[in-house]
Amino acid sequence: MTSSGTREPVVLDATEVTADPDLGARFAESAHRILADLVRGGAALGWVEPPSPDEVAELLDHVVSAAHAGDAAMRAAYVDRRLVGLGYWLRYARPTHRPHADLEKIAVAAAAHGRGVGRALTAALIADARRAGIEVLTLDARGDNSNALHLYRSLGFSEYGRLPDFVAVGARRYDKVFHMLDLRQEG
């Protein structure tokens, strides 16, 4: 997956991950480890407590099934065949919102932060959205997640709203920040 000695991530889609027997067999376990470690460290991924292995496996099964049906895209980043990040978008279920999708998670292992993995995953998911005919790609992020907010802005997302002190983590409160990328206005 990588040439000898390089540390550049290789970004695979759901089909490529599940088609590789070794990667497919380890995907849920590796993803769980990344997500649980990040949440334990305070990451803004939608969980207050680290998710269980079963919860992660169920989530990934749902996303992979949706991807095969054309209603999602999932990407996984590997360095030397080791999962270092993952992300996905899901098409909105409501019939009037079906042309659009929500980027729900971009998770990069702490050891791989600052190496462009999040950018590579997000850029690949944006390209997948374009190919799938998605008109507007949305996302939300916790207001204190300045690195993620900067990344999304640098990739063309614009803020369209904010709910002050909406996210509750124990006694702490954070803004919920909404971003969108209007793919209808491109090219």
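**Entry 1: ground rules and the sheet.** I count two strands as paired if DSSP finds at least two bridges between them. Helices (H or I, at least four residues) and strands (E, at least two) are DSSP runs, numbered from the N terminus. The model is predicted, and local features need pLDDT of at least 70, side-chain atom pairs count only at pLDDT 80 or more, while totals for chains, interfaces and linings use all residues. Residues are numbered from 1 along each chain as its sequence is written, and side-chain values use heavy atoms, with hydrogens and water left out.

With that settled, I traced the sheet. Seven strands form an open sheet of mixed pairing, in the order E1-E2-E3-E4-E5-E7-E6. Its edge strands are E1 (10-13) and E6 (158-169), each of which pairs on one side only. From one strand to the next, the twist averages 25°.

**Entry 2: strand E4.** I went to E4 (residues 101-108) next. Seven of its eight residues are buried, so the strand is largely enclosed by the rest of the structure. Buried here means under 20% relative accessible area, exposed means over 50%, and partly exposed lies in between (1.4 Å probe, protein chains only).

Which way do the neighbours of E4 run, parallel or antiparallel? E3 (residues 82-91) is joined to E4 by seven bridges and runs antiparallel to it. E5 (residues 136-142) is joined to E4 by three bridges, and these two strands run parallel. I followed the pairs across: Trp 89 stands opposite Leu 103 of E4, and Leu 103 stands opposite Leu 139 in E5. Arg 91 has Ala 101 of E4 as its bridge partner.

I also noted that E4, helix H4 (residues 117-131) and E5 make a right-handed β-α-β unit. The crossover is called right-handed if, with the strands pointing away from the viewer, the path from the first strand over the helix to the second runs clockwise.

**Entry 3: helices on the sheet.** Contact means heavy atoms within 4.5 Å. H4 packs on the sheet and touches E1, E2 (72-79), E3, E4, E5 and E7 (172-182), and its direction makes about 150° with that of E2. Axes are lines fitted to C-alpha atoms, for helices over the stretch in contact, and angles run from 0 to 180 degrees between N-to-C directions. H5 lies across E4, E5 and E7, at about 160° to E5.

Asp 128 sits in H4 and is buried, with a relative accessible area of 11%. Which residues does Asp 128 contact, leaving aside its neighbours within four places in sequence? They are Ala 73, Arg 75 and Trp 89. Ala 148 is in H5 (residues 146-154) and counts as buried at 14% relative accessibility. From Ala 148 to Ser 65 I find 83 residues in sequence and 27 Å in space, C-alpha to C-alpha.

**Entry 4: H2 against H3.** H2 (residues 21-40) and H3 (residues 53-68) pack at an angle of about 115°, their axes 9 Å apart. On the H2 side the contact is made by Phe 27, Ala 28, Ala 31, His 32 and Leu 35, and on the H3 side by Pro 53, Val 56, Ala 57 and Leu 60. That contact divides into eight nonpolar residues, one polar and no charged. For these classes, Ala, Val, Leu, Ile, Met, Phe, Trp, Tyr, Cys and Pro count as nonpolar, Asp, Glu, Lys and Arg as charged, and the others, Gly among them, as polar.

**Entry 5: Met 74.** I then looked at Met 74, placed in E2. Is it buried or exposed? Met 74 counts as buried, at 2% relative accessibility. Not counting residues up to four places away in sequence, Met 74 touches Leu 12, Asp 13, Ala 14, Phe 27, Leu 60, Val 63, Val 64, Gly 87, Tyr 88 and Leu 125. Its C-alpha atom is separated by 7.4 Å from that of Leu 86, 12 residues apart along the chain.

**Entry 6: positive phi.** Asp 80 has a phi near 50°, a positive value in a residue other than glycine. Asp 80 lies in the loop between E2 and E3 and counts as partly exposed at 39% relative accessibility. Asp 165, in strand E6, has a positive phi near 50° as well.
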